[in-house]
Structures are given as C-alpha cells and as structure tokens.
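Here are my notes on the model you sent. Please read them with the structure open.

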Amino acid sequence: MKYALIGCGRISPNHIAAAQKNKLDFAAICDTVEGNMDEKIAKFELPRGIHKYTDYKKLLEKEKPELVAIATESGKHAKIAMDCIDAGCNLIIEKPIALSLHDADQIIKLADEKGVKVCACHQNRFNKSIQKIREAIERKRFGKLFYGTAHVRWNRNWDYYSRAKWRGTWEQDGGALMNQCIHNIDLLRWMMGDEIEEVIGMTDKLNHEYIEAEDMGIALIKFSNGSYGIVEGTTDIFPHNLEETLYIFGAKGTVKAGGHSVNIIEEWNFADYLDDPEKVKKEFHENPPNVYGFGHTPLYTDVIEAVINNRKPYVDGQAGRRALELVLGIYQSASEGKKISFPLKDCSTLNFKNRFR
C-alpha cells in the first residue's frame, strides 16, 4: 500500500516506525522545513528513492498515495485532510481530528462521499491494558457503571513551547486538555458509554504566561447511561511527567490503568473472579519509552486491514469527533461559567481566543 507522511515534527517518529513495521510502501514525506525531513530520513534509514515535498498538494498530485498520515500542527489537520480525501486518499489523522466540530463533520461527510477510510489517531485504545479493560466493559463485568476518572498529570515547559510556536495557541492547538489530555478524555468517554447529557468544567492558565490557552482543566460529566466522569488534566506538574491514569468504578468491578500513558493495570478487582488480578497485572503490562506508547503500530495495522476489507477503522472519524466534542464542551462551560448540554452545537477553539486576556 503506497504511503506518505505529512508533517515531520515531534510525533512523526511513531508514524514512521509504525509504517515500517507494517511494511508499507513509503513513497513520500512532506514538511515545510526540509531539515526535518532529512533528519527523519537519516534516522530511520528511509528508502533512498523516497520523495521529499514542502508542499503537500504537490505530493498528492504526483505520488497519488493510497494512505496518508497527517502529523502537522493541529490547526492544519482539517484543511489537509479534506484535500487528501478529495484526492482519494485514506487517512490517519493525528489527534485532534480538527479544532472545530464543523471541520470534523466536513471530514467525516466528505470521506463517506468519496468512499475512503478516516482514522483518528487515538492510539492508546490499542494499549494491552486498555484492550483488557474494554473487554471487561463489553462483557458487562462492571455491572452498573458508577463513574470513571481520567487524570493527566504532566509537565510541559518553556523549552517545549518555544520549539514550536503553534503550541498553546487557540488557532493552531488549544491547551492542555486538547493537546496532552485528549487521549485519556477519549478513553473515558469510550468506556463510559460515549453518550453525554451535560458537562461542567473549569480551566485556567496557572504557570505558562507565554501561551494563550489553559494549562489546567477539570470537568464533571454526566453520561446518558446514568454514570459520571471526572477529568483532571494539567501540564503544570513539577518537575516532570508524573502519570496518566484511568479509573473505572462499577457495582461489581474496580479497575485502574496507570503508568505514563495508561499502559499498566494497577488495580483489577471483579465480583465474578473470572481471572487472577495479579496475573492480569503482570500479563497486561507495558513499559514504553515515552508517553506515546506502542499503539501506533497496531493502529496502522487496523487501518490497513480496514482499507483492504472495506470496513470502518477501529478508531474512526466519529470517535475523533466525540473526543473533540468533549474537550470543546469543557472549554465552553469554563468560558460561560455554566453547565453545557450535549450534543454540543458547532464550536471551535477560536471561540475562546480571548479567554485568558
């Protein structure tokens, strides 16, 4: 399958490695900075014949790839995605799928019209720990779901933001919830039944005066099935990343996934005693080198199979939209100082451009 990567920044090594492990025909690479491409080509020993582009539209025109991964600034995802779909490309879009619900809807609609597959890159769904928890959810082992919590306690400093000026801006990124926490927010919504009644949130900028958006956000969520959710996300933790955790509490089960990116099962207790908690903790334990985990490779495998078998990807465009909607709902609640009912009407990060002035 002919493959191309658009964007050679911080997350691109995970995409390159996933493409190589899945034996894709890596035809082209694109970035507005040529040095970024040269660095990745050398580091990953990409094929000598790989074509480099600083204009993704020329890449689409000349290479005609079957599968494209978009790993640019978040604010550019939607425009690039729609141009790729118009060109007949299947897509893997780094999170978030877009920065407005309107753009997310357009991506989904256009992909359906053109008959191409769109995957939102929420790779943590493929963590061994998360897959084990999802299996318990689907088998209804928790009984009645009470509530779930998602915590992201990380550090991002001046060095991180100064390396890419788009980070922390409303036009191209958003804040801690949209960038760092959206993976865990996606998991929480997915595990707790997806459908939301209302959200109330608070956000603030406590420690990063040089960015536009929030560095701390908290929220309470009421799901349509009667369960609740709690979100806590921040980039203010001293002196480095502390943890990313997901708790699920039900009448007959309690689970905690922890580690740097919810890749370790730390609590596993069920009333049915179908498995040995200590054995589960040992078997479903991963130790990735960074917070991005190992999920990109199986996510790529799934998308390739989805294209070949003409089915939806495991994490499709609608999944990406739902994660985006929840973050935007928290932003709207925090901005207006009131609870927000779902489904959310069209909303964009640009709505909050003067939030912390």
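1. Start at Leu246. Setting aside neighbours within four places in sequence, Leu246 is in contact (heavy atoms within 4.5 Å) with Ile130, Thr149, Ala150, Asn184, Leu187, Leu188, Met191, Val255, Lys256, Ala257 and Val262. Note that this is a predicted model: local features need pLDDT of at least 70, side-chain atom pairs count only at pLDDT 80 or more, and totals for chains, interfaces and linings use all residues. Residues are numbered from 1 along each chain as its sequence is written, and side-chain values use heavy atoms, with hydrogens and water left out.

2. The core comes next. Leu246 and Ile107 touch the most other members of the largest nonpolar core, which has 109 residues. Helix H12 (residues 317–336) gives the largest share of this core, eight residues. A nonpolar core here is a set of buried Ala, Val, Leu, Ile, Met, Phe, Trp, Tyr and Cys residues joined through side-chain atoms within 4.5 Å. Buried means under 20% relative accessible area, exposed over 50%, and partly exposed in between (1.4 Å probe, protein chains only). Helices (H or I, at least four residues) and strands (E, at least two) are DSSP runs, numbered from the N terminus.

3. How many residues of helix H4 (residues 77–86) are buried? Eight of the 10, so H4 is largely enclosed by the rest of the structure. The buried residues are His77, Ala78, Ile80, Ala81, Met82, Asp83, Cys84 and Ile85. Their cover includes strands S1 (2–6), S4 (67–70), S5 (90–94) and S6 (118–121), together with helices H3 (56–63) and H5 (101–114). After H4 comes Gly88, with a positive phi near 85°.

4. Phe146, Tyr147, Ile200, Leu220, Tyr228 and Ile230 make a nonpolar patch of about 540 Å². Strands S7 (145–153) and S10 (228–234) are the elements that give two or more residues to this patch. Tyr147 sits in S7 and is partly exposed, at 33% relative accessibility. Patch residues have over 30% relative accessible area and no salt bridge; like charges are joined within 9 Å, nonpolar side chains (Val, Leu, Ile, Met, Phe, Trp, Tyr) within 5 Å. Areas come from the Shrake-Rupley method with a 1.4 Å probe; for residues, only the protein chains shown count as cover.

5. Now the charged pairs. The structure holds 26 salt bridges, each a side-chain nitrogen of Lys or Arg within 4 Å of a carboxyl oxygen of Asp or Glu. Glu135 and Lys132 form one, at 3.3 Å from N to O. They are three residues apart in helix H6 (residues 128–138), and therefore separated by about one helical turn. Glu135 is partly exposed at 35%, whereas Lys132 is buried at 12%.

6. Another bridge joins two strands. Lys222 and Glu197 pair with their closest N and O atoms 3.7 Å apart. Lys222 lies in S9 (residues 216–223) and Glu197 in S8 (residues 196–204), 25 residues apart, so the pair links distant parts of the chain. Lys222 is partly exposed at 27% relative accessibility. Glu197 is partly exposed at 34%.

7. Arg311 and Asp302 also form a salt bridge, with the closest N and O atoms 2.9 Å apart. Arg311 is partly exposed, at 29%; Asp302 is buried, at 10%. Elsewhere, salt bridges that share partners join Lys132, Glu135, Arg141, Asp272 and Asp275 into one network.

8. Last, the rings. The whole structure has 14 aromatic pairs. Rings of Phe, Tyr and Trp (its six-membered ring) pair if their centres lie within 6.5 Å; planes under 30 degrees apart count as stacked, over 60 as edge-to-face and the rest as tilted. Trp158 and Tyr210 have ring centres 5.0 Å apart and planes at 80°, so this pair is edge-to-face. The pair links distant parts of the chain: Trp158 is in helix H7 (residues 158–162), Tyr210 in the loop between S8 and S9, 52 residues apart. Trp158 is partly exposed at 48%, and Tyr210 is partly exposed at 32%. Ring pairs link Trp158, Tyr160, Tyr161 and Tyr210 into a cluster.

9. Trp268 and Phe270 form an edge-to-face pair, 4.8 Å centre to centre with 65° between the planes. Trp268 is buried at 0% relative accessibility. Phe270 is buried at 7%.
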